[in-house]
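Welcome! Take a moment to turn the model around before you read on.

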Amino acid sequence: MDWPTAITRLGGDHRIAAVAWDDLQTRYAEPHRRYHDLRHVTAVARDSGALAVAFGLGARERALVAIAAWTHDVVYDARPGEDEQASAAWTRDELTNAGVPAADVERAGELVLTTIHHAAPEEDLLATALLDADLAILGAAPEDYEQYANGVREEYSIYSDEDWRAGRAAVLENLLARPRLYRSDIARARWEGKARENLSNELTRWRDAEPHHR
């Protein structure tokens, strides 16, 4: 679902939504972004929308998922936690400006915040659609996964290769240790196998690149 449709479905003003969309596009085009750009959130909006339909969510619920998909990385300065908090604040402000009901404003902000730790109650199907779609890239074709991994490395270019290697390896090990990467059966069937293969291959590359000390 596109941005104006989602806003108007929640009762928001499409003209104000258009101004917010212009700001959103400008933010996702910031030069320091190498992965968390408009292509990423477009993919998340597409995949989360498909999951929301598969879960049988209603029109209003699908609109909330779409809004969170479009805005979950609208503020991105490679500061985990802070970025999501700021993105949730942007979401709430823009939805409020557009005249969206307060309960929907709060729910959309909550959904954005679930991306901090990728955690939400198991029964929260809106969050499941968003979070599973956000990790869909892990189960992409190897060349697309490599482009993602390289892009994230560039976004964290402030860190030395040694520090990045250690930190990234820890992240990969943590992901692989999870009993499941995706919350829904649908997402697991679609992406889990390839995701574990991609993560394992990247981890192997980092381990092979470790300096050997005598």
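Here is a short briefing on the fold, the surface and some aromatic rings. This is a predicted model, in which local features need pLDDT of at least 70 and side-chain atom pairs count only at pLDDT 80 or more, while totals for chains, interfaces and linings use all residues. Residues are numbered from 1 along each chain as its sequence is written, and side-chain values use heavy atoms, with hydrogens and water left out.

**Fold and overall shape**
- The protein chain has 10 helices and zero strands (DSSP runs: H or I of at least four residues for helices, E of at least two for strands).
- Its C-alpha trace spans about 65 × 35 × 25 Å along the principal axes.

**Inside and surface**
- Of the 214 residues in the protein chain, 45% are buried (under 20% relative accessible area; exposed is over 50%, partly exposed in between, with a 1.4 Å probe and protein chains only).
- Among contacts (heavy atoms within 4.5 Å) between residues at least 6 apart in sequence, 68% join residues at least 24 apart.

**Aromatic rings**
- The structure holds eight aromatic pairs (rings of Phe, Tyr and Trp, the last by its six-membered ring, with centres within 6.5 Å; planes under 30 degrees apart are stacked, over 60 edge-to-face and the rest tilted).
- Tyr156 and Tyr159 are stacked, because their ring centres lie 6.1 Å apart with planes at 25°.
- Tyr156 is buried at 14% relative accessibility, whereas Tyr159 is partly exposed at 40%.
- Tyr182 and Trp191 form a tilted pair, 5.6 Å centre to centre with 45° between the planes.
- Tyr182 is buried at 1%, and Trp191 is buried at 6%.
- Trp3, Trp21, Trp70 and Trp90 form one aromatic cluster.
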